[in-house]
Amino acid sequence: MKANKFVITALALSLAWPSAGALAQTAMVNGEVKKIDEATGKITLKHGPIKNLDMNEDGMTMVFRVQDPS
């Protein structure tokens, strides 16, 4: 379970961390973990708009493959 929390935290930070200057700002995107598939090493996130990537829609659900399944 600790590994899952680490993966979730690392993924959330990678989505919200465009540069070192972002530390003083609020989060760039809000998201929710919808599913963790340990067998395939994938995580499903539902997130809101990501304005700095010109994703101004209402948000979407995306599946990401984790780099290190352990």
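Is Lys51 buried or exposed? Let me open with that residue, and please keep in mind that the model before us is predicted.

Lys51 has a relative accessible area of 58%. Exposed means over 50%, and therefore Lys51 is counted as exposed. This residue sits in the loop between S2 and S3. Its C-alpha atom lies 8.3 Å from that of Val29, although 22 residues separate Lys51 and Val29 along the chain.

Most residues other than glycine have a negative phi. Asp54, however, is not a glycine and yet has a positive phi of about 55°.

I turn now to the strands. How many bridges join S2 to S3? There are 6, and S2 and S3 run antiparallel. Within this pairing, Lys46 is found opposite Thr61 in S3.

On to strand S1, which covers residues 31–37 and pairs with S2. Here too the sense is antiparallel, with 6 bridges. Asp37 has Lys42 in S2 as its bridge partner. Together S1 and S2 make a hairpin, and 4 residues lie between them.

Thank you for your attention.

How values were computed
Residues numbered from 1 in each chain as written. Predicted model: local features only at pLDDT ≥ 70, side-chain atom pairs only at ≥ 80, totals over all residues. Heavy atoms only, no water. Pairing = 2+ DSSP bridges. Helix = DSSP H or I, 4+ residues; strand = E, 2+ residues; numbered from the N terminus. Buried < 20%, exposed > 50% of the residue type's maximum accessible area, 1.4 Å probe, protein only.
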